[in-house]
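Look through the structure below with this guide beside you. We will take it one part at a time.

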Amino acid sequence: MSPSLSLALLQVVDRQAPAEFWPWFVATLVKLVALFTIYMIVVAYTTLAERKVSAWMQDRYGPNRVGPRGLFQPLADGLKNIMKEETLPPYANKVLFMLAPAMAFIPAMILWAVIPFAAPWASPWGRIEMQLAPLPIGLLFVIAFSSLGVYGIVLAGWSSNNKYALLGGLRSSAQMVSYEISMGMSLIPVLLVAGNVTLNEIVNQQASLHLWNVLTLGVGFFLYTVSAFAETNRLPFDLPEAESELITGYHTEYSAMKFSLFFIAEYANMLTQSAMIATLFFGGWDIPFMRADNVGAVSFPLVLLSFAIMFAKTLFFLFFFIWIRWTLPRFRYDQLMSIGWKVLLPIALAYIVIVAGTLLALDAAGLKRDFVYGAILFAVNAVLAVVMFRILDRGRIVSPAYGRLDPQELARLRSVSRARTHLTVSAGD
Amino acid sequence: MTTKQVEVSLSTTGLDAQGRPQRVPLVVDAAGNVVEMPPPAALEPELEGEHMLINIGPQHPATHGVLRLVLELDGETVVRCIPHVGYLHCGFEKIGEYRQYNQIIPWTDREDYLNSPGNNVAFAMAAERLFGIEITPRCTVLRVIAMELSRIMSHLVWLGTTCIDIGAFTPFLWAFQRREQIYNLLESWIGARLTTTLTRVGGMGADIPDGFVENLRDFNRDFPGTIDEIDRMVTRNGIWVGRTIGIGAMTADEAVNYGLSGSMVRASGVAYDVRKDFPYLDYETYDFDVPVGSTGDVYDRFLVRMEELRQSVRILEQAVARLPDGPVNVADARVILPPKSKATSEIESMIHHFKQVMEGPRPPAGESYVAVESPKGEKGYYLVSDGTPKPVRWRIRPPSFVNLSAIPRMVEGHLLSDVIAINASIDIVMGEIDR
């Protein structure tokens, strides 16, 4: 394909692409390599951070043997996992068993293609977006690909031919499907306010309102964060791998690098979701209390500064994920589902209506989209948040305990099992 | 529905074609007769699913040892639960028949290994009842200290593992740090940490060392802070409450009928505590409360045990305050060795020492039973002597075993996750169950 044809195609999908092919091509390559490298390093060190932060919360040292203060621990872990024996359960579906870890990992990584990680650079060769693929449909792309991650987990659980893994896979599919919906619904207010599905535009809009979405759409932030925890299978939603119930759930049968890939996928998902929260609700690369970065393309030092800001925000949410994990107990399956369907989804739907109504009213009143506009949205959200948390905090956030089945129902189920169960268990061994 | 269910028989009345125990619920019919529950109406065909049999254990992160639960699951609902025990059977009771009384004490360390000092004390009490020995006042108070320390140790393991089983990992390590502190105390006292072998027939293996009382006071001062911390972490946490309230509930009648004891029966509302009802070691002179729950669910058991930790600290404080001076061991030549200096210098003492060590003390023929309030429940030691230095029968009444026998009643009808929570709340130690 000739450069000119490529450029023509490129300019169809990306209206802001530079006018020349080579600067764009080289910039994309550099961004690709840099992003991937930083991404993998951060994922590796998140595993160390998890252990260090948990150690810090639990009054112990954490890994401190490999390298200075345990800093080379991720390398040692990686080496160990590569050297270990790959086991394959005899009755596993081999193809899917091998494919599943990759399917769990790849979607998390792909999402980074559309996340803007710094302010656009006014380079000598034209404007360069600090985003791998400035897709016009960025947010839809994110929603579509983040739901693909569940396939890796479900297939891992199913193909292992292990009951624990199967239960883990089933739990995960139910959980992901339910929370995918509330996650998508919690994003609609963001789209309503931005009027656009491009992630870069969402960042620009937050900068132009002088208020980040976490203030103007606080309830949406809460809904999205809860859903993000469920999407990443992190505590308190780590039911698919609940180690005290299902050994390790869907990856019970995995060893060595395949297990490691699931592990990496979990942290990769955390990193991606942290970046998404930062982008959607915390202004992305927007430098707080500074206007110079919001004027379109900026100078290179400012690009670096905005990247550092984005990085810091993402790291904070990574820490938040870890913090929650070592603080809260785990939900039960039925509670998880009832929170997803009976709490989060209705709230998200009601919230969409309220935000849409507020925006309509504000626009009809002829308000410009600036600070006052954001402040009014913030006030509406503050009221909503107070009402919501007052209602939720009356013991309703967790559904009451699942009552024990009555003996008649139990006897009925047992009669079914006598007729249908053909697995046997010997009572005496 | 006029029928009222009175009891679900759990005894193995027979095995079905697939080797599973058959259990038939009994109900009271309209005429007041107890009859077997009528067979249920047939299901609509499309609703019938296949049940899955799943093994929880013997190797599973949440079975606290080698308990094996065979669960029949309908989806994630437990339709049937059959506990299998015996994977850790060591034959302690039989081994005891070939050991002198003091030689049995190390074996008591190993049955309920979270409660070694308590077992040592309880066994020594049973042996002393056989010998007819009254222990010294100092020894009595030291044994109270040992029992309450060991109750705290055991409850801390229960607390930590329950938190892990329900998904909160952090309180586990906070609890274990305090447990280390108790282990350090015990190490300074007797030299061992886990398998303490703290007592001898007629006294203790050692008197407490210098500084022990101060360290124990430090512990008494610091420990309630840790309980409060864990309390803040989980007791009112919405997820924790949702995971535990209404789970595995046992009514007071059921709890008594199943022979439950300890925190299990107290959580169901029965204020039965051996320390209060059949006092030993002067427990009647200590000022402490027996916490009692109401519904007997996992949450009540949790609250009861948390309060027991605080009450144990109260007892420890009183014991430290009243600790008298004086000898630790009784002056009874039948059971106590002569001083080492005399054994190496006087022929009578040397022969006495030799006979004591090689043959062992001889109790009069008879039998004795001592029940104590162990952290798991009512723990009994039964000894039969025919006048020889070794018992002809040693029998342990293991509270974990009796409490575990109610697990099918508690888990059937609940979800898989609840099985883990209920199992944690029973607080079993397989060493004690399989012996």
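A residue is called buried if 20 or more other C-beta atoms lie within 10 Å of its own, exposed if 12 or fewer do, and partly exposed in between, with C-beta atoms placed from the backbone. Helices (H or I, at least four residues) and strands (E, at least two) are DSSP runs, numbered from the N terminus. This is a predicted model, in which local features need pLDDT of at least 70 and side-chain atom pairs count only at pLDDT 80 or more, while totals for chains, interfaces and linings use all residues. Residues are numbered from 1 along each chain as its sequence is written, and chains are lettered from A and ligands numbered from 1 in the order in which they are written.

Now turn to helix H5 of chain B, residues 170-190. Its buried residues include Phe172(B), Trp174(B), Leu185(B), Leu186(B) and Trp189(B). Arg178(B) and Gln181(B) are also among them. What covers them? The cover includes helix H2 (21-57) of chain A, along with helices H3 (116-131), H4 (137-166) and H6 (212-235) of chain B. The expected span of a helix is 1.5 Å times one less than its number of residues. Just after H5(B), Gly191(B) has a positive phi of about 100°.

Next comes a sheet in chain B. Strands of a sheet pair through backbone hydrogen bonds, either parallel or antiparallel. Here two strands count as paired if DSSP finds at least two bridges between them. Three strands of chain B form an open sheet in the order E4-E5-E6, with antiparallel pairing. Strands E4 (52-56) and E6 (77-84) of chain B stand at the edges with a single partner strand each, so one side of each has no neighbour in the sheet. Neighbouring strands are turned by 20° against each other on average, direction ignored.

Leu71(B) has Cys81(B) as its bridge partner, and Arg68(B) has His84(B). The two strands form a hairpin with 2 residues between them, and Gly75(B) in the turn has a positive phi of about 70°. Is E6(B) enclosed or open? Of its 8 residues, 6 are buried, so E6(B) is largely enclosed by the rest of the structure.

Chain A has 16 helices and 2 strands. Of its 429 residues, 46% count as buried. Find helix H14 of chain A, residues 333-364. Its 32 residues should span 46 Å, and its end C-alpha atoms are 45 Å apart, which agrees. H14(A) bends by about 30° at Ile339(A); this bend is the angle between axes fitted to the seven residues ending there and the seven starting there. Just after H14(A), Gly366(A) takes a positive phi of about 80°.

Finish with confidence. The predictor gives each residue a pLDDT from 0 to 100. Chain B averages 84, and 90% of its residues score at least 70. Residues 1-12 of chain B stay under 50. The model scores ipTM 0.80 and pTM 0.83.

Key
Axes fitted to C-alpha atoms, helices over the stretch in contact; angles between N-to-C directions. Contact = placed C-beta atoms within 7 Å.
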